[in-house]
Amino acid sequence: MFYGIVLGLIATVLYNAGFVLEKRALQNLPPLSMRRVGRLVWVLATSKAWLTGFLVMGMGMACQIVVMSLVPLSVAQPIQLAGLALLVVFSAVFLGERTTQREWAGLGVLALSLLLVCLSMEPTRLGLHAGTGEMLAVVGGTVFLGLAAFGTAVRSGSRSGRRPAPGLLYGGASGLLYGAAGLQTKGVSGFLAEDAHHFVGRTLASPYPYLYLTLSGAGLLLFQTALQRGRASIVVPVSSVVGSVYTVLAGTAVFGEPLPQDPVRLVLRSAGFGAAIVVVVLMPHHEEQPEPSVNVQSLVPDRVP
C-alpha cells in the first residue's frame, strides 16, 4: 500500500500541473462555447500549449489507474486532492492569481484530510467488479445532474456581472462527469489487479473504456469552458473535490468496496473524507477581482454567444 500512496502523490502532481498548463494556454485562445462543440474541439486540438498540458494531465491519469489497483478508493481520492496545494501555489506563481485567506484555510483542511486518511489505512479487500446495469443507471443520473448544473451556471453568469455562483457550478458540473469517468477507471484497475496478463483483452471487452471516453470527453469540454471563464484556483479545486467525493461514494457502493473494520480507523477515514468536502465550502463564491495577468480580450463574456 505504501507504493500506492507514493504513486498517488506523483499522479496528483502531474494532474494539477497539467491543469495550470492548460489554463495558461486558454488565456491566449479565442472564446470557447459549448454551443459550438466542433469549433471548441478544433481550437483545443490545434493549440500546442494546451496539448502539452493535456499530455501532462494524461500521464497523471495513467498513474491513477495503477494507484486504484493498489489502494481503496477512499484512500486514493483524498490523496489526489492533496495536489490542490500545489495548484494554488502554481496558480499564484504562473497565472498571477491572488490566493485568499479562505483558499489557504482550504489547504490546511486538505492537509488534515490527507493525514487522517493515512492514519486510517489497514489491509483490506479491494472492490474489483460492478454490475453493468447498476453502473449504467448511476452514470445516467450523474450525466443529468452535471448538465443541469452547467446550464444553471450559464444562466447565472448571464444575469450578473459579478458572476456569483458560476465558478462553483461549472466546477461541480465537470466534477460530476469526471467522477463518473473515474468509476470506469476503477473498473479497468480491477482487471489490472486481478489478471495483469489479460488486462488489455478484458478491458476492451468491457464497457469501461467506452464509457470512460464518452464521459471524460464530455467532462473535458465542460471543464475547459469553465477553466477559461473562471479562476483556476476556484474551478479546479471544486471540480476535483466534487469528482473525488462522487467517486468514493458511488464507487464504494457500486464496487462493494469495504470500509475499515476497526472502529477507530473508520472514524479517521470518515473524518478525512468529510474534511475534503469542507474544502468546497471554503472556496470563494465570487470572482471579486479580475485576474491581473489575464488578457481581458481572451476571456469569455458573461453572456454565452
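Here are a few notes on how this predicted model is put together.

1. Some ground rules. Residues are numbered from 1 along each chain as its sequence is written, and side-chain values use heavy atoms, with hydrogens and water left out. Because the model is predicted, local features need pLDDT of at least 70 and side-chain atom pairs count only at pLDDT 80 or more, while totals for chains, interfaces and linings use all residues.

2. The overall picture. You'll find twelve helices and zero strands here (helices are DSSP runs of H or I, at least four residues; strands are runs of E, at least two; numbering goes from the N terminus). Of the 305 residues, 53% count as buried (buried is under 20% relative accessible area, exposed over 50%, partly exposed in between, with a 1.4 Å probe and protein chains only).

3. Who touches whom. Take contacts between residues at least 6 apart in sequence: 85% of them join residues at least 24 apart (contact means heavy atoms within 4.5 Å).

4. Helix α3. This one covers residues 48-68, and its 21 residues reach 30 Å from first C-alpha to last, close to the 30 Å expected at 1.5 Å a residue (the expected span is 1.5 Å times one less than the number of residues). Its buried residues include W50, G53, V56 and M57. Looking down the axis, the buried residues of α3 fall within an arc of 165°, so they line one face (the arc uses directions from the helix axis to the C-beta atoms). Turned away from that buried side are the exposed K48 and L55.

5. Helix α8. How many of the 29 residues of α8 are buried? The count is 25, so to speak a mostly covered helix.

6. The largest nonpolar core. It has 31 residues, and L26, L44 and F223 touch the most other members (a nonpolar core is a set of buried Ala, Val, Leu, Ile, Met, Phe, Trp, Tyr and Cys residues joined through side-chain atoms within 4.5 Å). Helices that each supply at least two residues include α1 (2-26), α2 (37-45) and α7 (132-159). α10 gives the most, with six.

7. A closer look at F223. Leaving aside neighbours within four places in sequence, F223 is in contact with F19, E22, S174, Y178, V235, V236 and S239.
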